[in-house]
Amino acid sequence: MSDGNYYREREERDPVVTFPEYPELNNLLANSSWLTASGTAESLELQIERLAVDSLNALGVRNDAYVVDCGPSVASSGKSGQNTSSRTLYDPSISEVCVDNIATLQGKYKGCTGQQDAELVDLIEVMKITATAENRSKQTGKKTQEEKRASKKEHKKEGDSLLKLSHIGLSKQTKSPPVASGEPRSALKTFPSLDSHRRHLLAEMAEALHQEVQPMTDFQISSLADSKGRACEVKISRNSEELKHPNFLLRPPFAPFSSGQSFLLSSKSGQGRWFLYVMSMDNSKERFELCLKLHNFNQASLPIDWQKAKIEILPIDGQETRMLGALERIERSQFLGVALGRIPPNVASDYSNENLNISERLNDSQHRAVSSALKEKVTLVRGPPGTGKTAVIADIVKELLERNEGWPILCVAESNIAVDNLYERLSGICNGPSLLRVTSTAKEPSYPPDDSLGGACLHNIMFPLLPPNLQNVKKLLQERKYEAIAADDYHKLLEAQAKLKFKILSKAKVVLTTNIASGCLVYEGTYEFETVIMDECTQATELSSLVPISLPHVEKLVFLGDEKQLSCFSRNGLKQVSLFEKLLADKNCNPVMLHTQYRMHPLISEFPARTFYHGSLKDGISSEDREWPTPLPVISFHHLENAKETVVSIGTDRQSRHTYRNLGEAEIVLKIVQDLISTKGVLPGQIGVITTYSAQRDLIMKMAMDLFQPEQKRSSTLRKMMNESGEGGIEPQAITNSVNGMVIATVDSYQGHENDFIILSCVRSNNYGAIGFIADKRRLNVALTRARYGLFIVGNKRTLTLKGALWRKLIDHFESRGALTYGYKNLNE
């Protein structure tokens, strides 16, 4: 059960759940570290899945002999007694065997959400299967130990048949090949069908929405005649206090809803949920009348008796609306298999002799990546830090344009920062109307016309083409002066922008935007992208990845990412596996790895190259290429014995969380900054300070402002790098601070960035070796690979190495290079 290390490190674990009636299973659980009694720590669905597989293995039972379809009523109602499935292989009479365990589980999982309660019921069903397997084994005679060993050996040889537990039950799934990233196979969950995958993704979305969106209950709802349970009408008073919820802050009060917007209808009992969209609406009366229709994927019919159903409504913003649109479109896409984690076999595997008019600066691995992208329908490029993924993208675009094929080209990434970096590289290849940058409405103010990227932005190109009166309406909207806007003028603006948008878009050969924002570029039959290039793929959730690849009639997909760096996180903070990582695990995957880095001084790249990339990453630059004019150490670790961590609680009582800071480390960080600036000729903008905790980031920012900017002249810049999955929402870890040009950020938000000098504050300093999620090797990889000329680490050697084998290995490496110092020493020493 070593793959339990997949989950984010937790300082304190809850007691392990045990099942006394099953000795084999109890022994299995006693030696596991992944099944905890916390309903929110990790995904229960993954725990249940692994419990099903491993419990059957523990009993010596062939996994593929027991398949159960629990039926949608189990997942939706949370009551095992309502199971209506016809494919149940367990004996219902065995159900009482689990009564004691059910009581135990319900006590330990007290406080779970409705969705987690449904998963708990699924766990009970797994226990029933286990009990049945045990009984059948007794009825057919006990196997000898030799027979069990022989059976397990044969089972291993043939390959485990995973039992995938979705919200419709368990289904047989074939074995996947080893994952390049080293993640456990069970964590890389694949699905046999789009329906099962969609149910899984919708369940995650619904859970996140219930946590983030304030539901509406003040409305009238009725079914539409002849809709066959697929549509309903909702009436909401214009004077409803619920329209003042935070859900509507970014919308004009006279237009709180929009055509095509999605809604989640959910029963208060948690027994049902439905995703719908606005088919039509009437805003002219004293109330808003919305005609809602079920999204066109497999959902149960709407309730007949609305009063009995006790429904609440959750309005969905543009982000989820575009994701739901993708879940509809993907069914018609030739890349449906890709969405399920499968890719078609490559036509060729040797691209070294391809005759391309590509840049001579490209090395052989970059050359292979470009060749593969031109030949194959699906290409995966693994790009470690500093290996030139952007250069590869630029040459792919250049080749496609010169060949007059594969365009229009859509270049996407999860964050606006990554998209902007792509734009800067591509602006030398094509410009003018051919190159277009599209942002979400919420991000438009961040790209003014006089900005370096502003001239290529869709909203800035549209604005002067609008009539003067609508230009004024647009300005008032951006300033949120809704009281000065007439509803008719607002709708005229939307109509005018829609026409101009298509006119401008139709002239573009290369469009750049974020994954989510690409969902506003659906023009089936009129303007369709032939090629989609996705950068920084591991940072994208599966749902956001589906938005661009599901666009109509896409012919070619190119994915670029690095599974050794940080992956994406769900909106509830739990680690997820990206679509890129799932595709790497497919048996037909033939990725191209970029093997030469051009960023780091060889002394900086030495440890990451050997530890994280197992020697497959080599240096394309020498020590002389990264020699700073004024002598200074390239790497150094400053050990602070007595600088102790302190816990900081943030958030509300309802959603509070704790983080850490370390005053002693912050002081040493700023001493290093002063030394670099005053004695080494380093500019503040050439320094990046990164840390593992947001409280430490904020502490260093405040101290830096006090140090470098007197109170009367203080002018700090708070730059919010939105992960434009978020049209307006900002994650705490996605905030960076810039003081006099020096960026101060968390490690997570600094992925994809680099600077000449990086100072890392580790924060954790205690006597018991608790280091939290900084033990994550992928987070450490990101932290160690941002610097070009110098890397300085400040931390407590004793704490980091007490239980952290990876940190012990890193600090031993620094010590072997003479780069370990006790306390702070001037950089000249």
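Is Glu 645 buried or exposed? Glu 645 counts as buried, at 14% relative accessibility; buried here means under 20% relative accessible area, exposed means over 50%, and partly exposed is in between (1.4 Å probe, protein chains only).

A word on the ground rules. This is a predicted model, where local features need pLDDT of at least 70 and side-chain atom pairs count only at pLDDT 80 or more, while totals for chains, interfaces and linings use all residues. Residues are numbered from 1 along each chain as its sequence is written, and side-chain values use heavy atoms, with hydrogens and water left out.

**Charged pairs**

Side chains of opposite charge can pair when their charged atoms come close. A salt bridge is taken as a side-chain nitrogen of Lys or Arg within 4 Å of a carboxyl oxygen of Asp or Glu, and that rule gives 27 salt bridges. Here are some of them:

| Pair | N to O distance |
|---|---|
| Glu 645 and Arg 764 | 2.9 Å |
| Asp 776 and Arg 779 | 3.8 Å |
| Lys 235 and Glu 233 | 4.0 Å |

Glu 645 and Arg 764 meet in a salt bridge. This pair links distant parts of the chain, 119 residues apart: Glu 645 is in the loop between β18 (635–639) and β19 (646–650), and Arg 764 is in the loop between β25 (755–761) and α23 (777–784). Helices (H or I, at least four residues) and strands (E, at least two) are DSSP runs, numbered from the N terminus. Arg 764 is buried too, with a relative accessible area of 1%.

**Nonpolar cores**

A nonpolar core is a set of buried Ala, Val, Leu, Ile, Met, Phe, Trp, Tyr and Cys residues joined through side-chain atoms within 4.5 Å. The largest has 67 residues, and Phe 275, Val 338, Val 511, Ile 549 and Phe 559 touch the most other members. Domain 1 (194–330) and domain 2 (361–430 + 509–594) both give residues to this core, so it lies between them; the domain bounds come from an automatic or database domain assignment. Another core, of 40 residues, lies apart from it, with Leu 617, Ala 745, Leu 784 and Leu 791 among its members.

**An exposed glycine**

Gly 818 sits in the loop between α25 (805–816) and β27 (820–822), and counts as exposed at 66% relative accessibility.
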